[in-house]
Amino acid sequence: NVNMKGIDGKVTVHCYNVMGSLVASQTIDASAVGSIASVDLSNMAKGVYQVKIQAADGGNIVKQIVLQ
């Protein structure tokens with residue numbers, strides 16, 4: 001789940017593997033989903049990933065996640 005509190009408009013969610021390769025990308029309308037949006041990573045292999053959320057206004061949020 002991605003916390004969208006305080007973000008309006010479209011955001012792009014990019015997911016990178018530990019090698020820095022883009023492995024998933026999704027555009028979400030933050031205004032339509034409310035404060036929490038779900039990003040499906042169930043098809044990804046177990047491991048460490050970096051999730052970058054890029055807002056239309058240029059703001060970025062970067063989180064590291066571990067899929068087990």
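Predicted model: local features only at pLDDT ≥ 70, side-chain atom pairs only at ≥ 80, totals over all residues.
Residues are numbered from 1 along each chain as its sequence is written, and side-chain values use heavy atoms, with hydrogens and water left out.

Gly9 is located in the loop between β1 (2-3) and β2. The C-alpha atoms of Gly9 and Asp29 are 5.6 Å apart in space, although 20 residues separate the two in sequence. Gly9 has a relative accessible area of 24% and is partly exposed; buried denotes under 20% relative accessible area, exposed over 50%, and partly exposed the range in between (1.4 Å probe, protein chains only).

The chain contains one helix and six strands, which follow the order β-β-β-α-β-β-β from the N terminus. Helices (H or I, at least four residues) and strands (E, at least two) are DSSP runs, numbered from the N terminus. Of the 68 residues in the chain, 24% are counted as buried. Contacts joining residues at least 24 apart make up 44% of those between residues at least 6 apart in sequence. The accessible surface of the chain amounts to about 4,500 Å², and carbon and sulfur atoms account for 48% of this surface; such areas come from the Shrake-Rupley method with a 1.4 Å probe, and for residues only the protein chains shown count as cover.

The largest nonpolar core has 12 residues, namely Ile7, Val11, Val13, Cys15, Ile28, Ala30, Leu41, Met44, Tyr49, Val51, Ile53 and Ala55. Such a core is a set of buried Ala, Val, Leu, Ile, Met, Phe, Trp, Tyr and Cys residues joined through side-chain atoms within 4.5 Å. At least two residues of this core come from each of β2 (10-16) and β5 (47-55), and β5 contributes the most, with four. Apart from residues up to four places away in sequence, Cys15 touches Ser21, Leu22, Val23, Ala24, Leu41, Met44, Tyr49, Gln50 and Val51.

His14 belongs to strand β2 and is buried, its relative accessible area being 15%. The side chains of His14 and Ser25 are joined by a polar contact of 3.2 Å. A polar contact is a pair of N or O atoms within 3.5 Å; within protein, one must be able to donate a hydrogen and the other to accept it, and residues adjacent in sequence count only if both atoms are side-chain atoms. Ser25, in strand β3 (residues 22-29), is partly exposed at 45% relative accessibility. With residues up to four places away excluded, Ser25 touches Thr12, Val13 and His14.

On the surface, Val18, Met19, Val48 and Val66 form a nonpolar patch with about 410 Å² of accessible area together. Patches are made of residues with over 30% relative accessible area and no salt bridge, like charges being joined within 9 Å and nonpolar side chains (Val, Leu, Ile, Met, Phe, Trp, Tyr) within 5 Å; a salt bridge is a side-chain nitrogen of Lys or Arg within 4 Å of a carboxyl oxygen of Asp or Glu. Met19, in the loop between β2 and β3, is exposed, with a relative accessible area of 70%.

Note on methods:
Contact = heavy atoms within 4.5 Å.
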